Structures are given as C-alpha cells and as structure tokens.
Amino acid sequence: MERNYYSTTSTFVHPSELNWRTAFHEAGHAAAIHLGNRQKQLPPVFFEIHVKRPSNAYDDFFAKVIDGNLIQNLPIAVVESFNELSDDNQQHACQRAYEADVINLLVGPLAEAKYVSIRDDEVFNINLINFKALHNYGGYSDLEKVLSYLDHFIASKNQREEKMQELLSQAFRFIDNRRHWKCILNLAHYILDSQQEIISCDEAIGIFDSCLTANTPFRSARYPFLFG
C-alpha cells in the first residue's frame, strides 16, 4: 500500500505539503489495517511502514505501508476457487477478508482527502467523495488494487459497482470516527517526526493504543507545522 506520487492533475503541490499528504495517506492505511480489522474481529495481520527521508535538497520524502493484506494469509486454492466454494463458512471468511482489504486500501486516499479538506476549511462528507475523485489524493495504485480485487471476486459489473460504493461508504465511516481520526493524526505526525526508516507494527499499534486513552492530546491537521 503506497501513495501514488504522480498526480493526474496539473496542480503543483509543494514538497513539504506533499510530505504531510503522504504521511496522512499511509497513516490511514495502517490505522485501518489494525483498528478496522480488530473492529471486525478479523485476525491480526503484520505490517510495517517504510520511510525514505531526504538526505539532501534533491531527495524526496517517501513512505509506504508494507504487507497488511488479509488475502495474502489465505490459502491460494481458497482464493482462486472463491466462486466455486461450496462451504458457506469458507466463502464467508474469504469475502470478509477481501472486503476488509479493499476498505483498508480506500482509507489511505480518504485520509489524505480529509486532511486536505481540514487544511482548507472545506466541508468533507461522503456526498463530495467518489471513487474517481480519490485519484486526486494519491490513490491511483490503491484503486488499481481495489479494482483487481473486485474483478476477481465479483463477476457482475453492476454488482461490482454496488459493492464498490458500499465499501467506499464503510471506509468513509471509518475515518469519520473521531477516535480513528485521532489515531491517524498522531501516526502521521510520528511518521514525519521520528526520523526512523522503518516503523514497526508494534510501534504503530502502541501509538494507536496510546491515542485511545484519555490523556493523549488531539493533534492538529489544519496546522501540522505547529507540532513538528
């Protein structure tokens, strides 16, 4: 899971702003993988965040969530024969896994979109967000994976579109949850502040657990530079 760094628009994004957008994007993926899967009572899955920090004025900041996919932990034979499975429990487990993976992919660009809306004092709601719009928030590669999942598991085009909208709505509700957004905010700051090249799964989970306690401050998305 990674932010796509090639914009489909002609709008220039300042490098320091791109860093913040990237951090929120990847923090969104990580939060969904841990908190979203746990909320759905799905098994925990390993992930870590790889970060490339600029060593000079010509280098770019880069961050990427590695692993974190439930489908990768299912037997290949189960995934490939999804539509032919006669065992309802097995098919249900496979469906829950791929739907969770899709939501976790969508939360990344949605988190970036919400950060931008807060920064710009704009309204952010589900009626203003659609699948295509997420390309403007580094979501190209994420959405390609989403389409690949849906094409593999759902044969009907109409059913794919319905499922896509359903899962996009679930992803939106995830980041619209104040507690989840608090976790995304704090991890985004940590990604930029820590100076680490690899943020482990345990470190990210520790940040989330800390965020869900009453004593952790709610950091700013509108003025992130105040908290550097």
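**Ground rules.** I am working with a predicted model, where local features need pLDDT of at least 70 and side-chain atom pairs count only at pLDDT 80 or more, while totals for chains, interfaces and linings use all residues. Residues are numbered from 1 along each chain as its sequence is written, and side-chain values use heavy atoms, with hydrogens and water left out.

**Overview.** I began with the secondary structure and found 7 helices and 3 strands; helices (H or I, at least four residues) and strands (E, at least two) are DSSP runs, numbered from the N terminus. Along the sequence I read the pattern α-β-β-α-α-α-α-α-β-α. Of the 228 residues in the chain, 49% are buried (under 20% relative accessible area, with exposed over 50% and partly exposed in between, for a 1.4 Å probe and protein chains only). I then looked at contacts (heavy atoms within 4.5 Å) between residues at least 6 apart in sequence, and 74% of these join residues at least 24 apart.

**Helices α6 and α7.** I looked up how α6 (residues 178-193) packs on α7 (residues 201-211): the angle is about 135 degrees and the axes are 9 Å apart. Axes here are lines fitted to C-alpha atoms, for helices over the stretch in contact, and angles run from 0 to 180 degrees between N-to-C directions. That angle makes α6 oblique to α7 (under 35 degrees is roughly parallel, over 145 roughly antiparallel, 65 to 115 roughly perpendicular, and the rest oblique). From α6, Lys-182, Cys-183, Asn-186, Leu-187 and Tyr-190 make the contact, and from α7, Glu-203, Ala-204, Ile-207, Phe-208 and Cys-211. By class I get 7 nonpolar, 1 polar and 2 charged residues for this contact; Ala, Val, Leu, Ile, Met, Phe, Trp, Tyr, Cys and Pro count as nonpolar, Asp, Glu, Lys and Arg as charged, and the others, Gly among them, as polar.

**Helices α4 and α5.** Here I found axes that come within 10 Å and cross at roughly 135 degrees, so α4 and α5 are oblique to each other. Leu-147, Leu-150 and Asp-151 of α4 meet Arg-160, Lys-163, Met-164 and Leu-167 of α5. This contact has 4 nonpolar, no polar and 3 charged residues.

**Nonpolar core.** Next I turned to the largest nonpolar core, which has 67 residues (a set of buried Ala, Val, Leu, Ile, Met, Phe, Trp, Tyr and Cys residues joined through side-chain atoms within 4.5 Å). Leu-106, Leu-110, Ile-184, Leu-187 and Ile-191 touch the most other members. Among the elements giving two or more residues are α1 (15-39), β1 (47-52) and α3 (88-119), and α3 gives the most, with 14.

**Phe-47.** I located Phe-47 in strand β1; Phe-47 is buried, at 1% relative accessible area. Gly-68 is 21 residues away in sequence, yet its C-alpha is 4.7 Å from that of Phe-47. Beyond four places in sequence, the residues touched by Phe-47 include Ala-30, Val-65, Gly-68 and Ala-204.

**Asn-104.** My last stop was Asn-104 in helix α3, which is buried with a relative accessible area of 0%. Not counting residues up to four places away in sequence, Asn-104 touches Met-1, His-29, Ala-32, Ile-33 and Asn-37.
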